[in-house]
Amino acid sequence: MRDSRRARLILGVLLTAALVILTVDHRTGDDSPLSPLRAAGAWVFGTAEQFGGGVVRPVGTFVRAILSAPSAEERIRALREENAKLRTGLLAGKLDTARSNELKKLLGLAGAGGYKIVPANVVARRGQPGFEDAVQIDAGTADGVQTEMTVLNGDGLVGRVIHAAARTSTVVLLSDPASAAGARLERGKEIGVVHGVGEHGRLVQFRLLDSTAPLTRGGRIVSFGSQNGRPYVPGVPIGVIERVESTPGELTRIAYARPYADLTALDVVGVVVDGPKRDPRDTVLPPKEGSR
């Protein structure tokens with residue numbers, strides 16, 4: 001009981017002293033005799049606050065990083081998906097541009113030769129009984145395609161249709177060893193036969209029927225044409241002679257030509273559903289290198 005009274009007395013004295021000190025300090029303003037004490041207190045408590053903030057701030061940053069990690073992963077994942085879509089779109093744009101250019105070349109060649117064509121895309125490389133080198137295209141009888149029709153692209157002769165379904169067809173390439181097409185030399189009447197020799201389509205063999213006719217490197221070959229334009233229409237560029245074999249005593253002459261059409265990388269092709277009214281002769285051949 002006595003301790004409680006003493007404690008209350010001491011607390012009352014301290015409160016009275018605090019009120020007196022605050023009153024004196026407030027009324028005297030900047031000239032207060034308590035200014036040094038106030039500055040010292042501000043420095044002590046300010047330093048403590050800065051120290052506490054320096055300790056707590058990294059902890060808070062770490063906690064916020066932990067809490068935001070899932071959303072950061074989601075943003076990174078979204079950005080990666082967006083980049084993948086952009087790359088895919090860019091690739092598709094390049095493919096569309098390349099195919100558009102091939103189609104323009106194809107239509108230009110068909111127009112120059114007077115060929116009525118059905119454009120198609122090569123969708124698969126496939127084997128066929130009796131043939132080694134054939135492709136499948138996405139056009140068939142529903143589009144007017146029939147067997148024994150000429151197939152070409154914007155560069156030259158590709159092959160002929162050997163099977164036609166409603167929506168797809170099989171084309172045997174000029175490079176197939178079992179393939180044969182009538183051909184002739186540019187600016188001449190000398191005729192021969194072009195055979196595939198494999199070699200991944202890099203070369204075809206041209207056998208000239210007249211062994212006395214001149215046959216030189218750089219000579220150009222076009223299709224001679226078949227009766228009623230099937231399987232081959234006339235005037236389609238075939239290739240350029242790269243080498244001539246010596247065949248003394250033979251009734252024919254043999255040369256090897258590089259096809260105009262890249263038979264290893266076919267994409268857009270055209271099936272000739274109606275041949276030209278007249279033989280275009282050499283008008284479809286591209287300009288010679290160096291003459292542009």
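Student: Leaving aside its neighbours within four places in sequence, which residues is Asp-133 in contact with?

Tutor: This is a predicted model, in which local features need pLDDT of at least 70, side-chain atom pairs count only at pLDDT 80 or more, and totals for chains, interfaces and linings use all residues. Residues are numbered from 1 along each chain as its sequence is written, and side-chain values use heavy atoms, with hydrogens and water left out.

Asp-133 belongs to strand 2, residues 131-137; a strand is a DSSP run of E with at least two residues, numbered from the N terminus. Beyond the neighbours within four places in sequence, Asp-133 is in contact with Arg-125, Val-171, Val-172, Leu-173, Ser-175 and Asp-176, where contact means heavy atoms within 4.5 Å. Two of these partners also meet the side chain of Asp-133 through polar contacts of their own side chains: Arg-125 at 2.8 Å and Ser-175 at 2.6 Å. A polar contact is a pair of N or O atoms within 3.5 Å; within protein, one must be able to donate a hydrogen and the other to accept it, and residues adjacent in sequence count only if both atoms are side-chain atoms. Asp-133 counts as buried because its relative accessible area is 13%, and buried means under 20% (1.4 Å probe, protein chains only).

Terms used:
Helix = DSSP H or I, 4+ residues; strand = E, 2+ residues; numbered from the N terminus. Buried < 20%, exposed > 50% of the residue type's maximum accessible area, 1.4 Å probe, protein only.
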